[in-house]
Amino acid sequence: MQASSAVSGKPVQYRVGQWVEVLSADEIMATLDDNGDVDALPFMPEMLQYCGRRLRVGKVANKVCDTMTRSGMRRMDDAVHLLGVRCDGSQHGGCQASCLVYWKTDWLKPVEDGSADGVPVEPIEADHKVFVQLTERAQAIAADGTEIYRCQATEILRAAPDVLPLLDFGQYVDDVRTGNAGIVAVSRAFLVGFFNRYQQFSARALPRWLRIRGGLTWGFLRGSDGPTPTGRTDLQPGELVRIKSKEEIMKTLNADLLNRGLGFDAEMARFCGLTARVLRRIDTIVDENTGKMLRMKSPCIVLEGVVCEGAFSANCPRAITAYWREIWLERVEPVRA
């Protein structure tokens, strides 16, 4: 690990599992530009509660999947995810997306003794000047009176402007070296990516009889034309459910693999058959493309511990929470004694 200071702006290479300490609010404010950013990545007011705390690195955020323009994987520099730290949306209209937070290395310092015991820090109240400044940068009013939010998710294309080619082998070396993924996981992700590129080419350029499984990408998901069905079972937090089979779920998808606008992909198909508990129902999330608050018209469910693992997506460390339609889940009745 490089021994340079985090405050200096020089990159510090962290590894998964390493202890770090989040800098004080004043130290972090000194790193931010006029927009409240470092390298176009905002420091959000929800992150202030962690100032002074010692936490472990969950993943090194060396790349990020583009969920906005679908350009593929994009390079991220000098950032990590801290274990279990997700945005609570409290200063973004109560957004329930629960995104994994990005931490620039400028906002952290390594803990040399490997101890979790930091110096107690007074909590930052809502009227604190730092909190007020960051909150003002996170919220705005559009010309039509609509509230617009600015967060790390809405700025991700600016924070990670460069598309990362599949054949950039440096990313896979970094995955192993930082502890993000092992050699087997890295090899699988590369082979799936290469296979998907071939399938996309074959679907465009080859006659049907030369295509593998019709040119479908890995996971071999296929929807159908026409409107998609919906179902309401009024699932509540704490209830036990089983994710239906891939074949059952595909019957609910349109040709774009959507059900009422919500997508299902190969990463989610890996969880088919899994039994898990309902964590929460999703009602509102910030649209990362517009910054406006979206209200869910159809029930959307989050399950405990079920997030995208990036297994088929170049081991993306973003760990996006998977959203499930109720029609994709079946209630598991408790066993009676």
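These legends walk through several close-up views of a predicted model. Local features need pLDDT of at least 70 and side-chain atom pairs count only at pLDDT 80 or more, while totals for chains, interfaces and linings use all residues. Residues are numbered from 1 along each chain as its sequence is written, and side-chain values use heavy atoms, with hydrogens and water left out.

**View 1. Arg177 and Asp174 pair up within helix 4.** Their side chains meet in a salt bridge, at 2.5 Å from N to O. Here a salt bridge means a side-chain nitrogen of Lys or Arg within 4 Å of a carboxyl oxygen of Asp or Glu. Helix 4 covers residues 170-178, and because the two partners sit 3 residues apart in it, about one helical turn separates them. Helices (H or I, at least four residues) and strands (E, at least two) are DSSP runs, numbered from the N terminus. Arg177 is partly exposed at 41% relative accessible area, and Asp174 is partly exposed too, at 26%. As for the cut-offs, buried means under 20% relative accessible area, exposed means over 50%, and partly exposed is in between (1.4 Å probe, protein chains only).

**View 2. Arg331 and Glu239 form a salt bridge.** The N to O distance is 2.5 Å. Arg331 belongs to strand 19 (residues 329-331) and Glu239 to the loop between helix 5 (183-205) and strand 12 (240-243), so this pair ties together parts that lie 92 residues apart in sequence. Arg331 is partly exposed, with 33% relative accessible area, and Glu239 is partly exposed with 22%.

**View 3. Glu309 and Arg270 make a salt bridge between two loops.** Their closest N and O atoms are 2.7 Å apart. Glu309 sits in the loop between strand 18 (301-303) and strand 19, and Arg270 in the loop between helix 7 (266-269) and strand 15 (275-281); the pair links distant parts of the chain, 39 residues apart. Both ends are partly exposed: Glu309 has 43% relative accessibility and Arg270 has 34%.

**View 4. Asp37, Arg150, Glu155 and Arg158 join into one network.** What holds this group together is salt bridges that share partners. The structure as a whole has 16 salt bridges.

**View 5. Tyr198, Phe201 and Ile212 make a nonpolar patch on the surface.** Patch members have over 30% relative accessible area and no salt bridge; like charges are joined within 9 Å, and nonpolar side chains (Val, Leu, Ile, Met, Phe, Trp, Tyr) within 5 Å. Tyr198 lies in helix 5 and is partly exposed, at 33% relative accessible area.

**View 6. The largest nonpolar core has 41 residues.** A nonpolar core is a set of buried Ala, Val, Leu, Ile, Met, Phe, Trp, Tyr and Cys residues joined through side-chain atoms within 4.5 Å. Val22, Phe43, Leu82, Trp103 and Trp107 touch the most other members. Elements that each supply at least two residues include strand 1, helix 1 (25-29) and strand 4 (54-60). Another core, of 32 residues, lies apart from it, and has Cys95, Leu253, Leu303 and Val306 among its members.

Methods:
Accessible areas come from the Shrake-Rupley method with a 1.4 Å probe; for residues, only the protein chains shown count as cover.
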